[in-house]
Amino acid sequence: MAISKIKTQITFLLLVKIKMNLMANILLNVLAAFLVGSVLFGLQRKIIARIQMRPGPPIIQHLLHTFKFFIKETVFPKTAAMPFYIVITIILCAIWVAAVIVGPVTEGSLLILFAIFAIHKIVEHNAGSSSGSPYGKLSCVRAVFSAAAEVPLFAVLLIIYLQTGTMNLSDIIAYQDSNGALLFSIPLAAMMFFVLILSKAYYYSPLNITMGKDLVSGFETEHFGMLRGFMMISESIAWYMLLWIFLTVFIGGLTPIGYIVGMVVITGLISLIDATTPILNPNHSVMTQVTLAFIGIVGSIILIFYL
Amino acid sequence: MDFTTLGGQFLGTIPLGDIVLYFTTFNLFMFVSALVFTAIIAMSKTESQIEADFGTLKDKEKKVSKAEFKIRRFLAIICGLATAGAMITGDVFDYTLFVALIGIVNIGIVAAVKEIDVLEAAFQYGIIAMIASLPLFAGAAFILASSGTISLLEIINIPTTTMMFFGSILLFIGVAGETGVAPFFATKAELFRTAGSPFLVIIHLSSLLIIVRTIEILLIINKPF
């Protein structure tokens, strides 16, 4: 009787320890994603500034901006659709925390990560339209228009599955351990995903039409104070996660240093493109992405089945 | 091949006669997301859209009238529930019905608006959705005729045939037309110019979630390995 009681207590303690470890793992990963994502955004601004012969802000500027918004007054436009206007920022944060759990913490299904990205598009759309501002509204219409650019996203999924036979990140990493990096076997899928990352770059991306400077801050224009702070935290985590997915899916499981080096390299490359290209108009942006997707899909199928 | 290679951990099924709902981590996440958005839409007010007025320095404020608000909210909730249902159904025909319902209510959500440009876009989207219903249901019919079942839990164990592949192509064309994704996206973007943000979001949400779910279904039907 006493032994079974001790066994039950040990099992309970072990379960508590496992849950505590999981919680700590999630918290650490979310914190790391936020800090690294923010610094990478700062690095992006710095590189763009140096290319344009400006000194540029410090690398931690994006991080400082994020913290600054938390001590600013939070005001709500009287035209806003309540409570959607507020809840949308919470949803944005929640989905990217979920992405960290599905990605680095549990190495779950890639389909879920892409579903999270699809919901991110919805949040972009609704954060813009819920304020009643014409800038937000135009950003919302462009978010819907740019949904055509999600074709590469879904095509990438199919191509990865055709090549590896799985959607689970842990299995994709194992596949690459024994067969080499997917970057070399399906390079056009990697190109399509890179274009997707480019379209989500925060500063001066030629393809990011929802955040074009003609729309002030796009869908974020009418979110102030703490709400904007939460949006910036989410975007930092989103940037980290997009780079993490790219590195994990196309190069394989790396060490933490490997991930940081890879993220800095990709951010540098994207900053170079951002600094040297104009922001395209919505039609050109969407058609560029659709054209690249078409080349990527047809080329990848030829690579997989005929070469 | 099994469900875990696509959607993560298999959590269980809910049999409703012939129709079996199933849950993997992926399906559950999408189902909950659709329900959360539907719940928020049900309790949200609409925004007042501010536009510049031509000829003066004043602003023009566009509001949603109470009668319009009621019908659009009702249709948005139906659309949200249909999307949630489509995320967990294990039956291809059931799935096509949900997609067709989403297409119909999407038109309804904007058809209640009294703006000529928006109504014209809704009309064009409606024509595409109606035309797309043929390949949508034909796709499901081809899959049934060639595999003998429309249950995804059964289809996953049946080797893919050419006719199943052909049915999948029809199904995909149907879904693309009903949800207004590329290449049918241009008219859909025009729908979003009207006021009523919480209701418009469900149109976009349903499209993207349906497309992600369609990829899962197509990979279940067409097993490349």
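Helices here are DSSP runs (H or I, at least four residues), numbered from the N terminus. Axes are lines fitted to C-alpha atoms over the stretch in contact, and angles run from 0 to 180 degrees between N-to-C directions.

α4(A) passes α5(A) in a left-handed crossing, where the near helix is turned anticlockwise from the far one by less than a right angle. Who touches whom? On the α4(A) side, A:K121, A:E124, A:H125, A:G128 and A:S129 meet residues of α5(A), including A:C140 and A:A143. Contact means C-beta atoms, placed from the backbone, within 7 Å. The contact has three nonpolar, five polar and three charged residues (Ala, Val, Leu, Ile, Met, Phe, Trp, Tyr, Cys and Pro are nonpolar, Asp, Glu, Lys and Arg charged, the others, Gly among them, polar).

## Helices α9 and α12

Now for another pair in chain A: helix α9 (residues 187-199) and helix α12 (residues 282-306) pack at about 160°, with axes 8 Å apart. That makes α9(A) roughly antiparallel to α12(A).

Their crossing is left-handed. Among the residues making the contact are A:L188, A:M191 and A:V195 of α9(A), plus A:L292, A:I295 and A:G299 of α12(A). By class, this contact has nine nonpolar, five polar and no charged residues.

## Reading the model

Residues are numbered from 1 along each chain as its sequence is written, with chains lettered from A and ligands numbered from 1 in the order in which they are written. As the model is predicted, local features need pLDDT of at least 70 and side-chain atom pairs count only at pLDDT 80 or more, while totals for chains, interfaces and linings use all residues.

Conventions: Helix = DSSP H or I, 4+ residues; strand = E, 2+ residues; numbered from the N terminus. Contact = placed C-beta atoms within 7 Å. Parallel < 35°, antiparallel > 145°, perpendicular 65-115°, else oblique.
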